[in-house]
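The following questions and answers work through an assembly of chains, starting with one of its interfaces.

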Protein chains: 4
Amino acid sequence: SVPSIPAWTLSIPDRERLIQFAIEAKEGSYSPYSKFRVGAALLAADGSIIKGANIENASYGGTICAERTALVKAASEGTRSFVALAVTTDVAQPLSPCGICRQVIREFCALRMPILLVPAGYTIEKGGIMETTVEGLLPHSFGPEDLELPRTG
Amino acid sequence: SVPSIPAWTLSIPDRERLIQFAIEAKEGSYSPYSKFRVGAALLAADGSIIKGANIENASYGGTICAERTALVKAASEGTRSFVALAVTTDVAQPLSPCGICRQVIREFCALRMPILLVPAGYTIEKGGIMETTVEGLLPHSFGPEDLELPRTG
Amino acid sequence: SVPSIPAWTLSIPDRERLIQFAIEAKEGSYSPYSKFRVGAALLAADGSIIKGANIENASYGGTICAERTALVKAASEGTRSFVALAVTTDVAQPLSPCGICRQVIREFCALRMPILLVPAGYTIEKGGIMETTVEGLLPHSFGPEDLELPRTG
Amino acid sequence: SVPSIPAWTLSIPDRERLIQFAIEAKEGSYSPYSKFRVGAALLAADGSIIKGANIENASYGGTICAERTALVKAASEGTRSFVALAVTTDVAQPLSPCGICRQVIREFCALRMPILLVPAGYTIEKGGIMETTVEGLLPHSFGPEDLELPRTG
Ligand SMILES: [Zn+2]
Ligand SMILES: [Zn+2]
Ligand SMILES: [Zn+2]
Ligand SMILES: [Zn+2]
């Protein structure tokens, strides 16, 4: 396994603000099929925070997760430089983004961008956050530059 | 083919305002792979307009179209009642949403909600819009209520 | 609504054989989340029949329906010319493909290719099949040729 | 980063046979949009090998990669126990599955199942394969069991 690139540092106030936005974002979940609510919040380089929640679909395959909702919302409004991501659910332990979201995160975010996985009922006193990075969740990733590589065959 | 349900009516000012938002939304497109920009705008029942643009991904399969970007943005912020949708591209004829988007539209929008397909370079004088509805684009649709039907083994 | 292109005709034996394959295909469903089994069968131009079933995923968004399973299976083995599609579920009425599948069907199948929606418990005596076409399920479709259109903007 | 679970071992003949199937599978690619061919081969516990290739779609989002094609093909035919996966492209270095595929692999394969990333033009003499595992590509994964966790909120 590749040596992990350490995440850069968030200030405590930025971090706690981002977590609160992720918790609030979860209220926007539309999850009648899984009953599994997820909230996400992206901290942009300009200090703004973009929220997202999972939006399910009767086809299942048409479902868009919280992380991707936040990313396409930001990217379509011209915000494409991000500093951190927080994700939370209704489960009392930190849960990880699915692989689809990891790939969409990879399109826009630096490999060492911090990702905070926040348990339900989080308080700064209780803690329990799992901290990782884009590279920590998607090692040896396939990215935009791979489509440019010379091809034989 | 089922008899088509006629769309409800939009006022001219609502219609033109919605079209202008779809044209503006296209500026937010991230389409380095297809070079095919798409903009969408949703008119909500409360009069607000939500914009979306297509956000592509190096995996291709992770791409999210303009229509779905607008829908998940709105739905995750609690706006889930819509009155009309406009979609535009850089092509000088009206183009239609893909089937994936039609399915996600179907989750939240009435079958007779009007959908305006707007050619590039549209002006009210030139016209050229194709008007259809959710049911016009996705007849005999599979929807949330189908998942509730009784099943035999 | 556009005038519907009439489907071409299947012989009764081809039709019944295709339906039986779709019913058998349903046994291959992996649907622990929705508990909604779907089977599909594609009749290729060379007379072979390719089966598919829905394969769900814990991410929901990673789910691949029966129709798409059959199509990618066939297409990846070099079979890309199709004559008919049959789809069935555990519901005692004919149900329709989702929009995602309609779009993938559109990539490989003629607009007037017949699609048979088969109720659970089907027998030739009971009947109850709904017959439609690619164009009947995805009117005004977005297809490969649209990506080639000249663009302004 | 979590301690990586070592992959189990493949015999040389199994390994080389699997690689040859992945190389052959690439011939089935339908990739008119990216011009990026990918082939995949899954070794099942019963010794059979299931091939897949990437099948693209004009919507981009409807694209299904080689790895997923192989998996849904196998799973829909009742083969759901796998021993190894090999993936190859037309690029002369080993490239990795996208995150969507990693998530679908995760649904059916053990965390320590070996995954072989095979450069174009591979021969046993030249080597150059990158070996990893499911867990190596999708650490801290979200999986089926996470949907069963007790929820608050
Ligand atoms: Zn996700
Ligand atoms: Zn679309
Ligand atoms: Zn489908
Ligand atoms: Zn993939």
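Q: How many residue pairs are in polar contact across the interface of chain B and chain C?
A: In this predicted model, the interface of chain B and chain C has zero salt bridges by the rule applied. Polar contacts do occur across the interface of chain B and chain C, and with both residues at pLDDT 80 or more the number of residue pairs is 14.

Q: Which helix gives the most residues to the side of chain B that touches chain C?
A: The elements that give two or more residues to this side of chain B are helix H4 (134–137) and helix H3 (99–108). With four residues, the element that gives the most is H3(B).

Q: What area do chain B and chain C bury between them?
A: The contact joins 34 residues of chain B to 33 residues of chain C. Carbon and sulfur atoms account for 60% of the buried area, which in total is about 2600 Å².

Q: Which C-alpha of chain C is nearest the axis that relates chain C to chain A?
A: Chain C is superposed on chain A by a rotation of 180° with 0.0 Å of shift along the axis, at an RMSD of 0.0 Å. The two copies are therefore related as by a two-fold rotation axis. At 2.1 Å from this axis, the nearest C-alpha in chain C is that of Gly61(C).

Q: How are the donor residues of the zinc ion (ligand 1) spaced in sequence?
A: The zinc ion (ligand 1) is coordinated at 2.3 Å by the SG atoms of Cys65(A), Cys98(A) and Cys101(A). In sequence, the spacing of the donor residues is C-x32-C-x2-C.

Definitions and conventions:
Residues are numbered from 1 along each chain as its sequence is written. Chains are lettered from A and ligands numbered from 1 in the order in which they are written. This is a predicted model: local features need pLDDT of at least 70, side-chain atom pairs count only at pLDDT 80 or more; totals for chains, interfaces and linings use all residues. Side-chain values use heavy atoms; hydrogens and water are left out. Copies are superposed by least squares on the C-alpha atoms of residues with pLDDT of at least 70 in both. Donors are N, O and S atoms within 2.8 Å of the metal (3.2 Å for Na, K and Ca); water is not among the atoms, so sites may look incomplete. Contact means heavy atoms within 4.5 Å. Buried area is the accessible area (1.4 Å probe) that two parts lose on being put together, summed over both. A salt bridge is a side-chain nitrogen of Lys or Arg within 4 Å of a carboxyl oxygen of Asp or Glu. A polar contact is a pair of N or O atoms within 3.5 Å; within protein, one must be able to donate a hydrogen and the other to accept it, and residues adjacent in sequence count only if both atoms are side-chain atoms.
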